[in-house]
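Work through the exercises below with the model open beside you. Try each task before reading its solution.

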Amino acid sequence: MIALFWICALVAIASGIWTISSRQPVHSVVGLIVNFAALAVLFLTLNADFLAMMQIIIYAGAILVLFLFVIALLTIGAQPIEQGPGRLAFQAAPSVVAGLAALLVMSAGLRVAWSQSASAPVLDLGSVATFGQQLLTTHVFAFEVTAFILLIAIVGVILMAGRKELRF
Amino acid sequence: MADFFLGAVPLILLFPLVGAATIALFGPYVQRSASAFIGCLSIGLSFLLTVGTSFVIFPLSPAQQTLYTHSKFVGYWAHLPPDLIIGFRLLIDPLSLLWMLIITGVGLLIHVYSVSYMASDKNYRTFFAYMNLFVFTMLLLVMADNFLWLLVGWGGVGLASYLLIGFYYDRPVAVLAARKALIMNVIGDVGIMLAMFLMYAHVGSVSYQNVFGHVATIGTSALTWIGVWLLLGAVAKSAQLPLQTWLPDAMEGPTPVSALIHAATMVTAGVYLIARAHPIYDNAPAAAELVAVVGGVTALFAATIGCVQYDIKRVLAYSTMSQIGYMMLAVGAGAFAAGAFHFMTHAFFKALLFMSAGIVIHALGGEQDIRKMGGLATRLPFAYWTFLVGAVAIAGIFPFAGFFSKDAIIDAVLKLHHPYLFVFTVVAAGLTAFYMFRLVFLTFLTGAYRGDHEVHAETERTMTVPVAILAVLSLIGGWIVLPHHDELSFLLRSTFADAPFPQSMADFNGWLSFGVLLIALAGIAFAWVAYQWRPQIAAALHRSLGGVHALLTNAYYFDTIYHWLFEWPVLALAQWLRDAFEVDAVDALPALALRAGAYFGSLSNRWETGYLRRYGLTFVVGAALLLFIYLFVAHGATAGAAP
Amino acid sequence: MPQVPLNLYLELSAVLFIIGVIGFLLRRNPITMLMAIELMWNAGNLAFIAFARNFIDMSGQVFAFLVITVAAAEAAIALAIVVMVFRRRENADVDDISVMRG
C-alpha cells in the first residue's frame, strides 16, 4: 500500500511539474491527464471508488478534451505565446519563493495539527450505492445548487462564445 | 343618554383630529367648500358632544363630577423610568368642561366665520386643516389627566399657533412673527418640563391625581419651584411679562386665528394650567403671589401700551394681554373661579371684538391702521354695533359680561390685601375703557372716512351670524354670576373644593363695583373728550408727552432690549465664529483629511497594476502570511501543545 | 497491508497545490494557467477524500464531487473567455490584458 502510494505520488508530482513547465499547451494537457490518472489511483486507495471513476470520466474524458479542443481551435495560425521575456519584472523569483514558503507553512502546520496514524479501511465507504444515497438525501440541496450552477455556466458560455456579434 | 355622552367623550377629542387629517389628506381632491364644511362639521360635532356631556356632568354631586375615561395605552415605555407609568386617558371635570365648551363653542363660531373671511385665500383648505389641528391639540391640553399629555397638547397648540401666525408665509414679517412666537413658547415648554422633573423627583409620577394627592409630602421649597416653573410655561403661553413680546407680532396671522388662538383659547392655557395646578399654588404661597404680581403688572403694562397703538389688531392684542393679566392675577390670588369666569366672558367679548374688527378689515381690503379709518359707523353699521357691544363689555359697563367678571377679580384682589396690585387693576380698568373707546371713536366715528380703500358692504351671512351670537353672549354671559346667585362657582365647586380662598362670587361689594364702574365711565368720557369732542386735546397730549408716547409706542422697548440682550450676542458670536474659526479651523480639517486620503490613495494605487499574475502573487503571499499567523502566532500555544 | 498515514496524503495535496500555484504565477498562457488551476482543484479534492476516509464521513467525498462539477463549470466559462479574448486579439498573453487596471 505504501509502495503504491509513493509510486502514485511521485508520478503525480512529476506530471504536475511537467504540466506547468512545458511550452506547448498540448504537452501540458498530456501531463495533466497523467496527473489525474495517478490521483484516480490514489482515490481508489482511499475507498473512493465512484470518485475515482468520475475523475477519469469527467476530468480526463470531458474537461481535458475541452481544453484540447480550445487549444486546437486557437493555436492554428496564432503566434506562440510566451515569446521573449515577460514584462512583469519582479514576478518569477518571488513567485517561486512565495509558493515554497506557503508550502513550508502548510506542511509545518500539518505536522503540528495532523499527526494521527491512519484508521482502518471501511470497504463499502465510497461505493456507488453509499455515495448516491448520501448525495441525494443528506446533501440534496447542495446537489440541486450544483445543477443550477451548471445551468448558469451553460447559459453563460453560450452567450459569450456562441454569438459573434456580442462585443464587450 | 348619560352613558352615551360619557362613552362618547373620546370622540370630542377625535373629531377635530379626524377633520384635520381628512382635510389634509383629501382636501386637494374635493371642492374648497367641502373642506370648509368638514372643518366646521367636526368642530360642531365636538361642541354638541361637549354640551351633552356638560348636561350629564354638571347636575352630579361634586364627588361624582370628576370622570376619567378608560385608560388606553397604559404601560411601561422603554425610554421612561420603569416606575413612571403614564397612561393615556382623558379627564373630564367641571374645569376642563368649561374650557372645552369655550374651545368648541367659540371655535365653531370662528370656523363658520372663516368660511367667508378666508374665502379668497389660496390656501383655504390648509387653513381649515390647521384650525382643526389647533382645536384638537387645545382639547388635548385641557382633557389630559397628567402633565405629560398636557405638555403634548401644550406643544401642539404652539405648533398650530406657529403654523397659523405664519399662514401668510409669503410675508417675511409673518414668518418672523411665527418664529418669535415659537421660540418664546418653547421657553415655556422647558419650564413645564422642569416642573415635571421636580414632580417626578419628589412624587415619582406626573399625573394630576398622584401629584396633587401628595402635595403635602413635597415640601414648600420644592413646591415653590414647581410653581415657578409652571408659571414660566404659563407666562410664555399667555404672553405675560416678561415673555409677552410675541403676542402683538402674532397679529400677522389671519384675523380668525387672532380671535380663536390669540384671544379666546390658547393664550388662556396659562390660566388653565395655574387653575388646574391649584393644589400646588394653595400650598406654595410665594409662587402664588408671584403669579398674582406677574398678572397684575402685565394687566397695567399692556393697558398703557394699548392706549397709543394705531393698528386695530395690535390694540386688541395688548388688550388681550392685559385681560389675561387680570385672569392670572385672579388665579394667583386664589380666586380660581373668578379667573375661569373672566376667561369665559373674555372669550366671548374678545372673539367678538376681533371678528367685528375682521369685518372692518375685510371691508377695507386688509387695512388695519385706524388712522386710515373713521366714520365707518354709517357704512358698516353691523360691525359698529357689535364692536360697540364688545367694547362696552370689555370696559366693564353694567350689565355687560365684563362688568361681572372684572368685578369678581377686583373684589378678590381687594381681599388679598395687596394695595399695589389693587391700584394696578383699578387703573388698568380705567385704561381699558379709555383705549377701547379710543378705538371705537377713531374707527367708527370721528369725522369722515380717512382711508383710500373702497368700503365693501358687510353682507356675508356666515360672518354676521357668529358675530351676532357672540354679541348676545357678551351681553348675557356675565349673568351666570348674579348677586346672591353664583351659578359658576357652584358649577366649579368640585374642582376648587379644597382651595383656601373663598370661590363664591356672590357676596357682591356694591361700593367697589360702583367705584370701578365710575372709573370705567371716566375712561370712556376721557376718550370721548380727547378723540371725539375736542381732537386737539389728543394732539396736544401727544406733543407734550412725546417721550412717554415713544416709550409706549415701542412697548417699553422690550423688543430692543431683547435684541441687544439675547439676539445680538448670539448673532455676533456666530458671525465671529464664522469669520475667525470656520475658514481657518473648521474648513481646514476636512481639507487636510481630503489631502491625506488622496495621498494614501495614490500610494495604494501603485498596487493596482491590472496584471492578473501580480494580483495572484499578492494573493498567495497574503494567504501564506494569514495561514502562518493563524497557525503559529494566533493559535501558537495550542498548536504547540498538540503532539 | 500497512495503511498510509493521513499526513502523507495531505502533504502530497499541499505539494500538488503549490505546484499549481507556482504554475499560475509563472505562466503567461491563459490555457496553461487554467490547467494550473485544475491542478489546485484536484489537490484540494485529494485532501477532501483523504479526510473522508480518515473520519469515515461521506461528506468529504460528496464535497469533492461538487468541486468536480464546479470545476467543470469554471473550466467551461474560463475557456469561453479565452476564446473571446483570442477572437479580439491575436495574442492572448495575460500580461497584455491589463485594461481592467483601476
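Two residues are in contact if their C-beta atoms, placed from the backbone, lie within 7 Å. Keep that cut-off in mind, and remember that this is a predicted model.

**Exercise 1. Find which helices of chain B pack against the buried residues of α12(B).**

Step 1. Locate the helix. α12 of chain B covers residues 255-264.

Step 2. Check burial. Ten of the ten residues in α12(B) are buried, so the helix is mostly covered. Among them are B:Thr255, B:Val257, B:Leu260, B:Ile261 and B:His262.

Step 3. List the partners. The buried residues of α12(B) pack against α4 (94-117), α5 (124-143), α6 (147-165), α11 (246-249), α16 (312-333) and α17 (336-363) of chain B.

**Exercise 2. Work out how α12(B) and α17(B) are oriented to each other.**

Step 1. Take the axes. Those of α12(B) and α17(B) come within 9 Å and cross at roughly 160°.

Step 2. Apply the cut-off. Angles over 145 degrees count as roughly antiparallel. The two helices, α12(B) and α17(B), are therefore roughly antiparallel.

Step 3. The crossing of α12(B) past α17(B) is right-handed.

Step 4. Name the residues that meet. α12(B) brings B:Thr255, B:Pro256, B:Ser258, B:Ala259, B:Ala263 and B:Ala264. α17(B) answers with B:Ala347, B:Lys350, B:Ala351, B:Phe354, B:Met355, B:Ala357, B:Gly358 and B:Ile361.

Step 5. Sort them by class. The contact of α12(B) with α17(B) has ten nonpolar, three polar and one charged residues.

**Exercise 3. Describe the pairing of α2(A) with α3(A).**

Step 1. Chain A has six helices and zero strands.

Step 2. Compare the axes. α2 (residues 25-45) and α3 (residues 49-74) of chain A have axes that come within 8 Å and cross at roughly 175°. That crossing makes α2(A) roughly antiparallel to α3(A).

Step 3. Read the contact. From α2(A) it includes A:Val29, A:Ile33, A:Phe36 and A:Phe43. From α3(A) it includes A:Asp49, A:Gln55, A:Tyr59 and A:Phe67.

Step 4. Count the classes. The contact of α2(A) with α3(A) divides into 20 nonpolar, one polar and one charged.

**Exercise 4. Characterise the side of chain A that touches chain C.**

Step 1. Count both sides. 72 residues of chain A are in contact with 63 residues of chain C.

Step 2. Assign elements. α1 (2-21), α2, α3, α4 (92-113), α5 (128-136) and α6 (140-162) of chain A each supply at least two residues. α3(A) gives the most, with ten.

Step 3. Check the classes. This side of chain A has 48 nonpolar, 22 polar and two charged residues.

**Exercise 5. Decide whether B:Gly156 and C:Gly23 are buried, partly exposed or exposed.**

Step 1. Recall the limits. A residue is buried with 20 or more other C-beta atoms within 10 Å, and exposed with 12 or fewer.

Step 2. Take B:Gly156, in helix α6 of chain B. B:Gly156 has 18 other C-beta atoms within 10 Å, so it is partly exposed.

Step 3. Take C:Gly23, in helix α1 (residues 6-26) of chain C. C:Gly23 has 24 C-beta neighbours inside 10 Å, so it counts as buried.

Step 4. List contacts, leaving aside neighbours within four places in sequence. B:Gly156 is in contact with B:Thr137 and B:Leu140. C:Gly23 is in contact with A:Thr19, A:Ile20, C:Thr32, C:Ala36 and C:Leu39.

How values were computed
Residues are numbered from 1 along each chain as its sequence is written. Chains are lettered from A and ligands numbered from 1 in the order in which they are written. This is a predicted model: local features need pLDDT of at least 70, side-chain atom pairs count only at pLDDT 80 or more; totals for chains, interfaces and linings use all residues. Helices (H or I, at least four residues) and strands (E, at least two) are DSSP runs, numbered from the N terminus. Axes are lines fitted to C-alpha atoms, for helices over the stretch in contact, and angles run from 0 to 180 degrees between N-to-C directions. Angles under 35 degrees count as roughly parallel, over 145 as roughly antiparallel, 65 to 115 as roughly perpendicular and the rest as oblique. Ala, Val, Leu, Ile, Met, Phe, Trp, Tyr, Cys and Pro count as nonpolar, Asp, Glu, Lys and Arg as charged, and the others, Gly among them, as polar. A crossing is left-handed if the near helix is turned anticlockwise from the far one by less than a right angle, and right-handed if clockwise.
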